[in-house]
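Subject: Structure handover

Hello,

Here is the structure you were expecting. My notes on it follow below.

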Amino acid sequence: MIPSLYTGVSGIQANGIAMGVIGNNIANVTTPGYKASRALFEDIISRSLTGTSKISQVGRGVLTQSIQMLFSQSSFETTNNPTDLAIDGNGFFVLIDQNGKYYYTRAG
């Protein structure tokens with residue numbers, strides 16, 4: 001009984017993380033330079049069962065493998081500011097603060 005409860009709880013936890021990622025994407029939809037993310041999941045396989053014909057594995061739930069940032073190209077916006085920049089394709093603007101720390105952004 002306990003393993004089946006763990007499987008359900010792990011699914012609820014993973015779904016909660018995915019909902020947080022989706023909420024973050026929605027909250028930042030109008031933020032300049034924001035890149036959306038998505039949650040990637042993996043199975044937890046921890047038990048092998050031996051039957052009459054073969055060995056099969058039984059999953060024990062799900063884990064959030066990682067949160068992947070999506071770097072797809074978005075549309076360009078025209079502004080009246082001659083110092084506004086945009087990146088077409090891959091890459092980042094490199095910014096350096098007064099302490100020498102580097103920051104990378106796609107927001108021009």
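There is one aromatic pair in the model, where rings of Phe, Tyr and Trp (its six-membered ring) pair if their centres lie within 6.5 Å, and planes under 30 degrees apart count as stacked, over 60 as edge-to-face and the rest as tilted. Phenylalanine 71 and phenylalanine 92 make an edge-to-face pair, because their ring centres are 5.6 Å apart and their planes stand at 85°. Both residues lie in the loop between strand E2 (55-69) and E3, so the pair ties together parts 21 residues apart in sequence. Strands are DSSP runs of E, at least two residues, numbered from the N terminus.

This is a predicted model: local features need pLDDT of at least 70, side-chain atom pairs count only at pLDDT 80 or more, and totals for chains, interfaces and linings use all residues. Residues are numbered from 1 along each chain as its sequence is written, and side-chain values use heavy atoms, without hydrogens and water.

Phenylalanine 71 is partly exposed at 44% relative accessible area, and phenylalanine 92 is partly exposed at 43% (buried is under 20%, exposed over 50%, partly exposed in between; 1.4 Å probe, protein chains only).

Strands E3 (residues 93-96) and E4 (residues 102-105) pair in the antiparallel sense over four bridges; pairing requires at least two bridges found by DSSP. Five residues separate the two strands in a hairpin, and glycine 100 in the turn has a positive phi of about 85°. Valine 94, in E3, stands opposite tyrosine 104 in E4. Valine 94 is partly exposed, at 48%.

Regards
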